[in-house]
Every structure is written in structure tokens, then in C-alpha cells.
Amino acid sequence: MMIRTILFDLDGTLIDTNELIIQSFLHTLEKYYPGRYGREDVLPFIGPSLYETFSSLNPERVEEMVKTYRTFNHARHDELIREFDTVYETIETLHRHGFRLGVVTTKMHDTALMGLRKTRLEPFFSCVIGLDDVNRPKPDPEPIHKALEALQSKPDEALMVGDNYHDILAGKNAGVKTAGVAWAIKGRGYLEQYEPDYMLEKMSDLLAIVGINERKEEASSR
């Protein structure tokens with residue numbers, strides 16, 4: 001079947017939150033482990049849920065570390081997030097062509113909406129599945145299955161787009177096609193290890209994959 005449903009990770013895929021996330025981790029870790037972590041040290045923490053990350057560091061202080069992270073993250077959110085190249089135009093085009101669009105993220109639902117509103121993307125998405133909407137986050141297939149149910153879609157007509165291993169593995173576990181993004185902070189080579197079906201150099205590469213001709217689009221809009 002043709003792809004009619006596209007699910008997106010949020011951070012690092014639709015929205016450039018890399019600096020926000022790095023600073024949030026550095027702020028939190030400096031409080032609990034002064035002088036022990038630098039920018040390169042926190043890169044492996046990007047992607048999994050905060051509970052998973054902080055549990056691996058100190059299971060007894062997870063809740064307070066998550067609270068410290070989120071307080072800083074929310075306070076600096078609008079200041080530090082950026083838009084990735086061609087994202088808005090691509091999502092708008094997909095929406096106009098009737099594709100079912102959803103966000104599947106390990107962020108809390110309300111925080112995900114903050115980013116979508118700031119970047120003007122919220123109206124295009126019929127479904128947002130956050131960490132607090134599921135029992136088992138990515139790479140478990142539950143978030144993708146829940147999104148597909150909400151969008152009245154099936155795995156064989158869906159594509160999951162993401163910038164981290166848990167996005168690709170969640171897609172594979174759910175039986176959907178997968179696409180990695182070459183602008184991932186961990187690098188294209190890192191994502192290629194997980195063998196996504198597609199690799200996007202920029203978000204507008206999606207249009208050709210799903211059968212939208214950009215040149216015809218431009219001509220018809222003149």
C-alpha cells in the first residue's frame with residue numbers, strides 16, 4: 001500500500017531542540033554531579049525518556065532530577081528552540097495533500113504542544129502521543145500503535161520519521177516503514193546502524209518518497 005500516514009518524532013526531527021536539551025542536561029547534572037559532565041558526555045542521553053536516563057545514573061533521585069530538568073527546560077524553551085530547514089513547508093504540503101500526520105515523542109504531551117505551537121506546526125497534526133499518553137515508550141511499539149489507532153490508519157500505510165535509534169526500532173517493532181534524518185545530532189552514520197528504510201537529507205525529501213512532485217507543486221502555485 002502507499003504511504004498515507006506519517007508519524008514524526010519531535011525533538012531533533014521536527015524541531016531543533018538540541019541546544020535546549022543539552023543545556024537542560026548540563027544544568028541538571030551540574031547540580032547533582034558538579035564538574036563531571038561536559039557537552040559531549042550528555043549526547044548519549046538524548047532520545048530516551050528522562051526517567052530511563054536518570055534511572056541509569058541514580059535510581060533513588062530520579063523524580064527530583066526529572067523535576068530539575070523540566071523546570072529549566074520549560075523556562076528556557078522558547079528562547080532556545082529553532083526550526084529545521086524545510087520542515088514547515090513540507091508539513092504544510094503533506095497536510096494540504098490529505099496525509100494523516102501525527103507526532104510520537106518521549107516528551108510529556110503538554111511540553112510537546114509548546115514546541116508545536118512555537119513553530120506554528122500544531123494545526124497540521126491530528127494526533128500527538130506523548131510520554132504520559134502511554135505505558136511503554138519507544139522503542140516499544142505502543143506509542144505508534146496508539147497513534148495509528150487515533151488516525152484510523154494501518155501499519156502497512158504508515159511511516160515513522162525520527163532522529164534516534166528508538167524511533168527507528170519503534171517503527172520496526174510496530175511494522176511501519178521508517179525514515180532517519182541525516183541532521184540528527186548523533187550523526188547519519190549512527191542512525192544507519194539501525195537500517196531505516198529511508199534517510200532524509202532534508203525534510204522536503206519526504207515529498208518524493210510519498211509521491212508529491214515538488215516542481216508541479218511550485219508550478220501550480222504560480
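Keep in mind that the model is predicted.

**Around Asp-9**

- You'll find Asp-9 in the loop that joins strand 1 (5-8) to strand 2 (15-16).
- Asp-9 has a relative accessibility of 4%, so it counts as buried.
- Setting aside residues up to four places away in sequence, Asp-9 touches Leu-14, Val-104, Thr-105, Lys-138, Met-160, Val-161, Gly-162, Asp-163 and Asp-167.
- One of those partners, Asp-167, is also among the buried residues of helix 8.

**Helix 8 and His-166**

- The buried set is Tyr-165, His-166, Asp-167, Ile-168, Ala-170, Gly-171 and Ala-174.
- What do they pack against? Helix 3 (50-57), helix 7 (142-150), helix 9 (188-192), strand 6 (158-162) and strand 7 (177-181) are the partners of the buried residues of helix 8.
- His-166 sits in helix 8, and with 2% relative accessibility it counts as buried.
- Beyond its neighbours within four places in sequence, His-166 contacts Gly-47, Pro-48, Thr-106, Lys-138 and Pro-139.
- Lys-138 therefore turns up on two contact lists, that of Asp-9 and that of His-166.

**Helix 7**

- In helix 7, the buried residues are Glu-142, Pro-143, Ile-144, Ala-147 and Leu-148.
- These pack against strand 1, strand 4 (100-104), strand 5 (127-129), strand 6 and helix 8.
- Just past helix 7, Gln-152 has a positive phi of about 55 degrees.

**Helix 4 and its two partners**

- The axes of helix 3 and helix 4 (residues 62-80) come within 9 Å, crossing at roughly 125 degrees.
- That angle makes helix 3 and helix 4 oblique to each other, and the crossing is right-handed.
- On the helix 3 side, Leu-50, Tyr-51, Phe-54, Ser-55 and Leu-57 make the contact, while helix 4 brings Val-62, Glu-63, Met-65, Val-66, Tyr-69 and Arg-70.
- By type, the contact of helix 3 with helix 4 has eight nonpolar residues, one polar and two charged.
- Helix 4 also meets helix 6 (residues 109-118): their axes come within 10 Å and cross at roughly 10 degrees.
- Helix 4 and helix 6 are therefore roughly parallel.
- Here helix 4 uses Asn-73, His-74, His-77 and Asp-78, and helix 6 uses Thr-111, Met-114, Gly-115 and Lys-118.
- The contact of helix 4 with helix 6 divides into one nonpolar residue, five polar and two charged.

**Ala-112 in helix 6**

- Ala-112 belongs to helix 6, and its relative accessible area of 0% makes it buried.
- Apart from neighbours within four places in sequence, Ala-112 is in contact with Leu-10, Thr-105, Lys-107 and Val-128.
- Ala-112 and Val-128 are 16 residues apart along the chain, and their C-alpha atoms are separated by 7.9 Å.

**Backbone spots to look at**

- The Lys-138 to Pro-139 peptide bond is cis, with omega near 15 degrees.
- Pro-139 lies in the loop between strand 5 and helix 7, and it is one of the contacts of His-166.
- Thr-86 isn't a glycine, yet its phi is positive at about 65 degrees.
- Where is Thr-86 found? Look in the loop between strand 3 (82-83) and helix 5 (87-96).
- Thr-86 is buried, with a relative accessible area of 16%.
- Arg-120, another residue other than glycine, has a positive phi near 65 degrees.
- Arg-120 is in the loop between helix 6 and strand 5, and at 46% relative accessible area it is partly exposed.

Notes
Residues numbered from 1 in each chain as written. Predicted model: local features only at pLDDT ≥ 70, side-chain atom pairs only at ≥ 80, totals over all residues. Heavy atoms only, no water. Buried < 20%, exposed > 50% of the residue type's maximum accessible area, 1.4 Å probe, protein only. Helix = DSSP H or I, 4+ residues; strand = E, 2+ residues; numbered from the N terminus. Contact = heavy atoms within 4.5 Å. Axes fitted to C-alpha atoms, helices over the stretch in contact; angles between N-to-C directions. Parallel < 35°, antiparallel > 145°, perpendicular 65-115°, else oblique. Left-handed = near helix turned anticlockwise from the far one by under 90°. Nonpolar A, V, L, I, M, F, W, Y, C, P; charged D, E, K, R; others polar.
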